Amino acid sequence: MKNFYEILEVKKNASYEQIRDSFIRLMAKYHPDIYSGDKEFAERYCASISEAYATLSDFEKRKEYDVEMNINPKYTILDKNLSSEFTKKTIDGKNYEQQISKKYFRNTKKKRGFFKRLFTSKLFYSLLFVFTIEMFIILYFIYFK
């Protein structure tokens, strides 16, 4: 049986992000449209990379693969600390990766204060401009009519 960890060039205790990054890097390097060497080799290697990623990116498949390959569960995804990344690809009907990216985006917004967000928004300045124009119109009618 193929060693998917060697194909993706990751350690046996690699996290989901490390596996995904390695998959993207290898596909960019060996994709048949990009690879300058033997096209048949590139096609076969990309197929094995895709198969390895499909197995290692899914928690249940990876767990079965580790048991089948007799990999020491102490250093693999079977460890509870590592398995937390792979729990439930969908949470509340949303994609897990999208929820993680929203979490990071939300945290960056929290760092900015309310007034900093207010004074850097285009809406604030457009409303300020409209208010100023209206004040000039009101003052014109008060003093010149």
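Is Phe-41 buried, exposed or partly exposed, and at what relative accessibility? Phe-41 counts as partly exposed, at 31% relative accessibility; the class lies between buried (under 20% relative accessible area) and exposed (over 50%), with a 1.4 Å probe and protein chains only.

The model is predicted: local features need pLDDT of at least 70, side-chain atom pairs count only at pLDDT 80 or more, and totals for chains, interfaces and linings use all residues. Residues are numbered from 1 along each chain as its sequence is written, and side-chain values use heavy atoms, with hydrogens and water left out.

**View 1. Aromatic pair of Tyr-5 and Tyr-65**. The structure holds eleven aromatic pairs, where rings of Phe, Tyr and Trp (its six-membered ring) pair if their centres lie within 6.5 Å. With centres 6.0 Å apart and planes at 50°, the pair of Tyr-5 and Tyr-65 is tilted; planes under 30 degrees apart count as stacked, over 60 as edge-to-face and the rest as tilted. Tyr-5 lies in helix α1 (residues 4-8) and Tyr-65 in helix α4 (residues 59-68), 60 residues apart, so the pair links distant parts of the chain. Helices are DSSP runs (H or I, at least four residues), numbered from the N terminus. Tyr-5 is buried at a relative accessible area of 2%, and Tyr-65 is buried at 3%.

**View 2. Stacked pair of Phe-41 and Tyr-45**. The ring centres are 5.6 Å apart, with 15° between the planes. Phe-41 and Tyr-45 are four residues apart in helix α3 (residues 39-57), which means a separation of about one helical turn. Tyr-45 counts as buried, at 18% relative accessibility.

**View 3. Cluster of rings**. Tyr-30, Tyr-35, Phe-41 and Tyr-45 are linked into a cluster by ring pairs.

Technical notes:
Helix = DSSP H or I, 4+ residues; strand = E, 2+ residues; numbered from the N terminus.
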